[in-house]
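Q: I would like to learn how to read packing from a model. Can we work through a case?

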Amino acid sequence: MSKYKFIVAERYAIWKVLGPQCRWCNQPVEYSECHIDHIIPERLLERGRENEKLEVLSKYGLDTSFEINSFANWIPVHSSCNLSKQGKVIEAAPIFLDLLNEVKQKSSDTAALSEKWKKENKSAKLLATIERGAELGSISIQTVTRIFAGINDNQSPIAGLTGSTINNSVFFVPNNQVWQVLSTEDGFYTLQKDGMVGLSPVDPSADPKWLCTHCMNYGPWDGNQCLICGKFSFD
């Protein structure tokens, strides 16, 4: 398993520029199923493998400055192909050397796309796409919450974030709660669910005082009680 944590922009750029096929089996790989693998194994960066790393780089005609964790060494693959290869060093066959050369030549394009993707504001397009899917019934509430829970580049749950307002509803992740929006005023939602009414900030990061330290959601709050878990803000 890779120790390097790929962010969404990097993974998308690698799949877009070098895909959409798996570079180990040459079969199509969807972006949602795409894993990123190292051509020259990442394990060579481990302590005590310095000499082995130099031998491998020399074997493939690579300079000692070659960065194993770089766009020149990352390729899109199936998860199964990634697991089957693991940290193996593949023999320097011509086809393998051609792959290294191709990836290196395209690395500047991949890096540029990654930077562009990171800087562009895609939230409007994303939310419009999700909202349209919700209207057509082709996307479920569970799928919506999984999407927002999965956008964290550290692969950990996004606790307490208001995912989105879709069809006049607010989706809280990662607990799949859905609250109806009664109104939005002065930076706060007035939300309703199962007869309960409470307030929650539209932008949680603006005021961390609204974070419930028990369930890690930003309300909704009814006075001093979190309506997600029932915990009071005072003992």
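Q: This is a predicted model. What do the buried residues of α1 pack against?
A: Start with the general idea. An α-helix has 3.6 residues a turn, so residues three or four places apart point the same way. Now the case here. The buried residues of α1 are A9, E10, A13, I14, W15 and L18. They pack against β1, β2 and α4.

Q: What does I14 touch, leaving out residues up to four places away in sequence?
A: I14 contacts F6, G19, I36, F71, W74, I75, P76 and T110.

Q: How do β1 and β2 pair, parallel or antiparallel?
A: In the antiparallel sense, over 5 bridges.

Q: How should I read burial in a strand, and how many residues of β1 are buried?
A: In a regular strand the side chains alternate between the two faces of the sheet. In β1, 4 of the 5 residues are buried, so this strand is largely enclosed by the rest of the structure.

Q: Which residues touch the most other members of the largest nonpolar core?
A: That core has 27 residues, and I14, I39, I40, Y60, L62, I75 and L100 touch the most other members. At least two residues each come from α1 (8-18), β1 (34-38), α2 (50-59), β2 (74-78) and α4 (94-119). The most come from α4, with 4 residues.

Q: Which residues does the second, separate core include?
A: V181, W221, C226 and I228 are among its 11 residues.

Notes
Residues numbered from 1 in each chain as written. Predicted model: local features only at pLDDT ≥ 70, side-chain atom pairs only at ≥ 80, totals over all residues. Heavy atoms only, no water. Core = buried A, V, L, I, M, F, W, Y, C linked by side-chain atoms within 4.5 Å. Buried < 20%, exposed > 50% of the residue type's maximum accessible area, 1.4 Å probe, protein only. Contact = heavy atoms within 4.5 Å. Pairing = 2+ DSSP bridges.
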